[in-house]
Amino acid sequence: MRTASAAVTAERAGLARRWAPRLLAAVAGACLALAFPAVNAWWWAWFGLVPFLLLVATAGTFREAGWRSWWASAGFFGTLQHWVLPFLGVFWPLAVLVIGLVWVPFGLVAYGLLRRVSPVRVGVALLVLPSVWVVVEALRSWQHLGGAWGLLGSSQWQVRPVLGLAALGGVWLLSFTLVAVNVGLAIAVLPDAGRRARLAGGGAAVALAALAVCSGLVRPDPVVTGVMRVAGVQPGPVPGAERRVAAHLRLTGELTGREPDVVVWGQSSVALDPGRRPDVDRMLRRAAAEAGADLLVNVDATDSSGRIAKSAYQYTPDGVVNTYVKQRLAPFGEYIPLRPVLGWIAGHTEAAEKDRITGTGPVVFEVAGRRVGPLISYESTFPDLRRGLARRGVDVTITQGSLTTFHGSWAHAQQASFEALRAVESGRPAVLIELDGTSAAFDARGGRLAWFPPEYRGAFVVDVPLSVEETPYVRLGDWVLALAGGIALGAAAAAAARRITGIHPPRTGSRRHDQRVRPRRLTAAQDP
């Protein structure tokens, strides 16, 4: 009996030792999500990865490091984007399973570099780990995998001194810096790290954080070349295509006499094709005439050929003068990948019943003597789209959005926060007008000009200061990604070469491993 009882006790103790760190990793990942809107604990991003790194470094095996990484990733994305899960239906367990894989490559590399730390390996870790993180962020930002939502660097959207890094290297440089600081701090508190390694890690973390702050403080203010008065209409969720258009028209009428340069409606504000509904076309022309400004609406309706696209229409009293068709569609929300194979998903979730078509490229609208770069909702997550518009010489970018599906969730503030980052990256002011969501506007330095929460109902006017600036990120592009990819590939090649040649780094960090092995004296019988 005692033997059986002892075995059961030992088994329970083993399970506790195995699962307690995994659950702690999930908690660590969930806590990191609090650095983003709507909680906005941005400061946590500067050391929120440390608990995760410590758990990985002390995992004992690569397999266990992978498990802890999976749990941490699931905790992070499950918390950050918890508002998506209810709409996945029976597929949400599968979604959590897949999303947990995102951090596994980073966790495995972290275990390999941090399980034994020396001063030399500190420098390697400070370069390789941020590079691997950025490469993984870039890969998961592919438009068909959900876009660049939840990038670590985007947590700093309201920290203006640090946002200067985004002008240099985009959100990727912010992510690289944050991970490097976290790695340095983790090394500084690793229990098995030597004194020199701890000092090197802590010193590097402090130095990098100081440089990040200085990059923003030394930037001069932009030269303002004018002001554009942008009016937004935010009616909130209005069921029914006819009623939705009527609500927008009523609020647009309230702008009479306020002299806007442009009036903007949100995404899917017109669920009727003006080409097939002359009455709708006449109402939109009349609205532009009464407002005394061009009217930007968003048409999401089946046309005469049976196709459907999300398109920005630029209306004047004379009719449509320009259109822009959304280039990047939200997977499952606006189309189903491999619909012949996966189309059945629409019957079990709120996935798109019909695929939208995509546009062929960017378009620039001429509005009140200014060049406007239009974007639509999901496209606000992609840095390269905003950079492309900046290279075309736009004065301001305007995004039409709507988050009716996720009404009342963290998604509203998260999408609005992207605009601050995109403004700094591109050196252009950015405006987001939501049908239902958080409408916002930021100047070219990420300074908040307007913020209208989802509860707001009405029309508003924002004076947007325009400035001329070509940021290093606009000129050089994704150089941080190229550098990070080179470092990650170089590290992988070096690791493969060591494995092939049998050369391994010395085992340090333990007195038992550091002691010199003394030769044993052989007797005559033992002498070969």
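Residues are numbered from 1 along each chain as its sequence is written, and side-chain values use heavy atoms, with hydrogens and water left out. Because the model is predicted, local features need pLDDT of at least 70 and side-chain atom pairs count only at pLDDT 80 or more, whereas totals for chains, interfaces and linings use all residues.

View 1. Six strands, in the order β6-β7-β8-β9-β10-β11, make up an open sheet of mixed pairing. Strands are DSSP runs of E of at least two residues and helices runs of H or I of at least four, numbered from the N terminus; two strands pair if DSSP finds at least two bridges between them. β6 (365–367) and β11 (448–452) each have a single partner strand, so one side of each is left without a neighbour in the sheet. From one strand to the next the twist averages 20°, with axes taken as lines fitted to C-alpha atoms, for helices over the stretch in contact, and angles running from 0 to 180 degrees between N-to-C directions.

**View 2. The parallel pair β8 and β9 with the packed helices.** Five bridges join strand β8 (residues 396–401) to strand β9 (residues 430–434) in the parallel sense, and Ile398 stands opposite Val431 of β9. Helix α12 (residues 383–391) packs on the sheet and touches β7 (370–376), β8 and β9, its direction making about 165° with that of β7; contact means heavy atoms within 4.5 Å. Helix α13 (residues 411–426) also packs on the sheet, where it touches β8, β9, β10 (439–442) and β11 and makes about 160° with the direction of β9.

**View 3. Strand β10 and its two hairpins.** β9 and β10 run antiparallel over three bridges, with Phe442 as the bridge partner of Ala430. Four residues lie between these strands in their hairpin, and Gly437 in the turn has a positive phi of about 160°. On its other pairing, β10 joins β11 in the antiparallel sense over four bridges, Ala440 being partnered by Trp451; five residues separate the strands of this hairpin, in which Gly446 takes a positive phi near 85°. In a regular strand the side chains alternate between the two faces of the sheet. Both faces of β10 are covered, with Ser439 and Ala441 on one side and Ala440 and Phe442 on the other all buried, that is, under 20% relative accessible area with a 1.4 Å probe and protein chains only.

Key: Buried means under 20% relative accessible area, exposed over 50%, partly exposed in between (1.4 Å probe, protein chains only).
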